[in-house]
Amino acid sequence: MSLSKPFPLLHLPRVALLRVFNCISVQEQFYLSMCSSKTKYAIKFYTSLQKFSMIFHFTNNFTFSLKAENSDDDFQLDVQTHADMFASMWTLLSSVDVTGTPFEKNVKRLLSFLADVFNTPAISLNFVGRPQDFVTGIINFIHSLKLDIQYLKIHSANDEDENVTLVMNSCRDASEVHLRCSTTPRFNYLNRSLIPKFNLDKLRIDYAEWVTTWHLTNLFINCKRLALDKCSTVNINVNQFLKEWVNGSFQLKFVKLAFLNLYFESYLTNILEGIPSELVSTRRTRQLFGQVPRIKQQKTGARAYVIKGDYTIMTLSKPFPLLRLPRLPLFKVFNCIGVQEQFYLSMCSKRAKYAIKFYTSRQKILVTFHFTNNFELSLKIADSTFLIDVQPIFGSMWPFLSNVKAISGTPFEKKVKRLLLFLLDVFKTPAIYLNFVERRYDFVSGFINFIHSLKVKIQSLKVKSKRGENKIVEFVLDNCRNDSEVDLYCLTTTKFDYLNRSLIPKFNLDQLTIDYAEWVTTWHLTTFFINCKHLDLYDCSTDHIKVDQFIIKWMNGSSKMSCARLSFNHGDFSLADIMRGIPSTRVPPRRTLWGLFITRAYRIQQQKTGREAFVYSDWRTIVITDSL
Amino acid sequence: MSVEPEVPIVQVEEVRENPVLYKIISSDNHVFTISEHAVKLSKTLWDLITNLGLTAENALDNPIPVENVNGKNMETIVQFCERHKYDEEEPEYTNYIREFVLPEWDRQLLSIDNEELFQLILATNYLDIQKLMDYCCRVIGDMAKDKTPEELRIIYGIPTDAEDDALERSASDSPGPSG
């Protein structure tokens, strides 16, 4: 709570106010817009000059992200974990009249609020395992607001006839649609209106058994890119489709049709029957494609190549022979593509991997393994981060990793370990970040041990668990003393103590954070944690920790600790009592670097090194820091 | 599926100061005329001109043969250089090439068949034209955007390891020139 007079932001002249908004991030703009109607309209006026995009992820959680276009300014919020913050928002928006379950109502209200404030942003939706009614409700609501859906992905293990119909009917103008859901055998989507025309940049259907020649030639032929999986040779006559393309002036640039059952060699001859084509050699890909037939669109002169790939693939463009480029242009191309594409390319073949490996040897890449409900991987380079859902890669592209030497563990563990080895190889020992959420001890310890066995340092380790698995905390404290940053959000049982442990190796962490630190005693602080540079402990017990002893230990030693925050579960302590008898000087009241106003602080000094630190309290927290 | 580019023909600009013109002959004997400002964008050509001691007086009488670049690519290159000859010098894009936006005119110019684009890059690399190289590579890089590994393999024609191995085996098994 600040004691200084607030800054009257909204009283600023318009030019100054807009300049202030210019200086703050989209996230802060969003927070400001939630404060009141006035701030909302001020932000709304400002954002009318910009274009935004927002993504709603309906997975196990509900997160949304907002991004200013043509800039790196974006943020992502998990609505459930920010429940307190959003509680006031739901109240503020409760007057907006919408239908649905309470959760659906909140989503719709948030959506209409964001659309209002952020200049009708481009909307992307990602539904994973959500009920049909919910998906339908949200899509219909967006259309009722006359908003366009830019990207839509529906991923479901159930048959979703209704949603597929809805998407086919109403999302024909979206930029990209990905349907990863099956339909019942009776689903057909026939005799539908041809208007509005399909105008998608990319349409991907993973369960396309229901797609027929009629769909291809009347609806999908107007998309730019088309990827259909599990097509049926009974329903699709590719020859007819190609004839339609040759005789028309369609913008379709790339088509992939993967069939469930096909003897392709004989089929390829038949599909070109009656279509003028010429055989064209492909260089360096001769083994892959051989001579490929090229066809031509009569009206536009556009040419297309019919190619069979690993799977049954028909593509309408000749490949670009990337790996035949000289080194300089090749590196320039790698410069132009994101780290995600670099990663994907490295998976294509050994040659591609070595090209990427040679290129990335000059860069520093951060890799984060997210072991939450899913398994995701994020790659970060400079200021760009890419989050990759690894599960889809597990399926089709996983065999390439089977060449990596066999490693112990469950099939999933083996895959993850192989992936790590691959990343270490390609990205020249990247900085490793690990994030475990509710994962079992065996998995956590197995993976960390594996990393340490490779002599790789973990840059950041976060473990969240409410299972009360003491073994995980013990394991991390025993084995990760020389890593860089450790965050433990793990509940332990009441019998957990971590006493009588080896003092070697010394704790040498840059940052140690422990939530649920009831078990931490003065002994842990003065023997182990005092060697960390930064220490944050939450839910400490005043019964176990004597802060004065810890301070005296710091003063008498040469600890390099620069900041310790000890938050207690009870606030029944007095800083004056703690500091009584400790050589120190009072510091006049002042505002700290991070804006906290403190009335009472003490300056202490390390005898051996002369280093100074300040001690102050903030409600239930005692802070010892070398800078105020 | 590549549509023939609708690129406006760029005439050699005869304006501003009285320009010095040079003649270039492509590998297939097409002759091109290019202004001094434009030819300076190619480090290779400009070094050649300097080393040959060509001047305003004798430049047109001494055409420069460029045996590694065919007429089609040379035409594109000349168009590009004439278009960009008065551009301000830009910082070299090294790690942050992703930041620049490709102008529409250049995007159209480079909307050509993949094989042609590949040959154009080789020519650009040989003639050492920094800006055109950046632009071409940007077009190639954009092909990878939002693609899956499987799609990348197709777009860039990357054979699998097994296919690579088979190719090497067949190359080593095939009889040499002596039979």
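This report covers strand pairing, helix packing and one annotated span in a predicted model.

**The sheet of chain A**

Chain A holds an open sheet of 9 strands. Their order is S3-S2-S1-S4-S5-S6-S7-S8-S9, and the pairing is mixed. Strand S3 (74-78) and strand S9 (254-259) of chain A are the edge strands. Each of them pairs on one side only. On average, neighbouring strands of this sheet are turned by 10° against each other, direction ignored.

Helix H5 (residues 102-117) of chain A packs on the sheet. H5 touches strand S1 (52-58), strand S2 (62-68) and strand S4 (122-128) of chain A. The direction of H5 makes about 170° with that of S1(A).

**Two strand pairs**

Strands of a sheet pair through backbone hydrogen bonds, either parallel or antiparallel. The table sets out one pair from each chain.

The chain B pair, S1(B) and S2(B), forms a hairpin with 5 residues between the strands. In that hairpin, Asn29(B) takes a positive phi near 70°.

**Helices H16 and H17 of chain A**

Two packed helices are described by the angle between their axes and the distance between the axes. Helix H16 spans residues 411-426 of chain A, and helix H17 spans residues 441-453 of chain A. Their axes come within 11 Å and cross at roughly 25°. Angles under 35 degrees count as roughly parallel, so H16(A) is roughly parallel to H17(A). H16(A) passes H17(A) in a right-handed crossing.

Which residues make the contact? H16(A) supplies Phe412(A), Glu413(A), Val416(A), Lys417(A), Leu420(A) and Leu421(A). H17(A) supplies Phe443(A), Gly446(A), Phe447(A), Phe450(A) and Ile451(A). The residues of this contact divide into 8 nonpolar, 1 polar and 2 charged.

**An annotated span in chain B**

UniProt lists residues 130-166 of chain B as "domain: SKP1 component dimerisation", in an unreviewed entry. In the model, that span is 70% helix and 0% strand. The end C-alpha atoms of residues 130-166 of chain B lie 37 Å apart.

Conventions
Residues numbered from 1 in each chain as written. Chains lettered and ligands numbered in written order. Predicted model: local features only at pLDDT ≥ 70, side-chain atom pairs only at ≥ 80, totals over all residues. Heavy atoms only, no water. Axes fitted to C-alpha atoms, helices over the stretch in contact; angles between N-to-C directions. Helix = DSSP H or I, 4+ residues; strand = E, 2+ residues; numbered from the N terminus. Parallel < 35°, antiparallel > 145°, perpendicular 65-115°, else oblique. Left-handed = near helix turned anticlockwise from the far one by under 90°. Contact = heavy atoms within 4.5 Å. Nonpolar A, V, L, I, M, F, W, Y, C, P; charged D, E, K, R; others polar. Pairing = 2+ DSSP bridges. UniProt positions renumbered as here; feature names shortened; annotations may be inferred.
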